Structures are given as C-alpha cells and as structure tokens.
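Here is my note on the model, point by point. Please keep the structure open while you read.

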Amino acid sequence: MAKKLELFYPIKPFTVTQGFGENPEYYSKNIPGLKAHNGIDCVASNGQMVRASHDGIVTFAGEDGSGGSGVVIRTLDEREYNGGSAFYKSIYWHLLPTIPVRAGQEVKVGDLIGFADNT
C-alpha cells in the first residue's frame with residue numbers, strides 16, 4: 001500500500017489569501033475551462049525564500065511564456081489516492097525569474113526552490 005502524502009509549508013508564516021475552489025463565479029466567467037481557483041494563494045514578501053513542500057523531482061522550472069515564473073515538483077513515488085495510488089505534483093508560482101533549481105533535479109522537503117515575486 002502506498003504511503004500518504006505529507007506536505008510542509010513552503011513559506012513561513014503561511015497565511016492563505018485565496019483557497020482552492022474559491023471564487024467560481026469569477027473564474028468560470030473570465031478564464032475558459034476553469035471552474036474555480038485551482039490553487040492556494042498565500043502572503044509572501046518580495047524575495048522571500050520558497051521551499052519544497054515534499055521530496056520529489058523538478059519537472060518544470062522557469063517562465064511560462066506569459067511573464068509568470070514557477071516550479072513544478074512531482075513526487076518520486078506514487079502515494080495513497082482514493083483507494084489506490086498516484087503521483088502528486090505541487091506547483092509554486094508567482095516566483096522571481098531567478099530560479100535556483102532546474103528540471104530533472106531531485107529536491108528534498110525544505111530545499112530552496114525559488115523566491116517570491118510581488119504578484
């Protein structure tokens with residue numbers, strides 16, 4: 001049986017400003033195909049260190065072509081999910097373009113993966 005996924009805060013303190021699934025009216029009207037907010041937004045100081053929430057492999061690190069910068073980390077092994085198992089990924093966005101990790105790099109929980117932008 002696969003282990004449960006345990007996540008740690010990527011920044012401290014961790015204060016949520018918009019939760020997952022919030023504001024469905026706004027997102028369904030303004031962003032095609034998105035029914036509600038698909039992440040968790042939190043307060044961070046410009047330049048604040050952002051750390052990996054779990055062990056994994058970086059599958060993306062850089063800019064998205066729209067001026068946004070971020071990092072995506074996938075678990076190294078499958079974890080418990082809905083009676084079975086699956087790989088998980090965590091997405092860290094609104095980062096400064098100077099990202100200290102690269103795609104293919106393995107990271108451990110707490111490793112520095114980026115710096116918060118002011119967006």
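1. Gly 104 sits in the loop between β8 and β9. Strands here are DSSP runs (E, at least two residues), and they are numbered from the N terminus. Gly 104 is exposed, at 54% relative accessible area. The cut-offs are under 20% for buried, over 50% for exposed and partly exposed in between (1.4 Å probe, protein chains only). Gly 104 touches Ile 57 and Val 58, leaving aside residues up to four places away in sequence; contact means heavy atoms within 4.5 Å.

2. A word on the source. This is a predicted model, where local features need pLDDT of at least 70 and side-chain atom pairs count only at pLDDT 80 or more, while totals for chains, interfaces and linings use all residues. Residues are numbered from 1 along each chain as its sequence is written, and side-chain values use heavy atoms, with hydrogens and water left out.

3. Now the sheet. Four strands form an open, antiparallel sheet in the order β8-β5-β4-β9. Two strands pair if DSSP finds at least two bridges between them. Strand β4 (residues 56-63) pairs with β9 over two bridges, in the antiparallel sense. Gly 56 stands opposite Val 107 in β9.

4. Is Ser 69 buried or exposed? Ser 69 is buried, with a relative accessible area of 3%. It lies in strand β5 (residues 69-74). Not counting residues up to four places away in sequence, its contacts include Gly 62, Glu 63, Tyr 92, Trp 93 and Ile 99.

5. Next, the core. The largest nonpolar core has 13 residues. Such a core is a set of buried Ala, Val, Leu, Ile, Met, Phe, Trp, Tyr and Cys residues joined through side-chain atoms within 4.5 Å. Val 50, Val 71, Ile 73 and Tyr 92 are among those with the most contacts inside it. Beyond four places in sequence, Val 71 touches residues including Val 58, Phe 60, Ile 91, Val 101 and Ile 113. In soluble globular proteins, nonpolar side chains tend to be buried together.

6. Finally, Val 16, in strand β1 (residues 16-18). Val 16 is partly exposed, at 45% relative accessible area.
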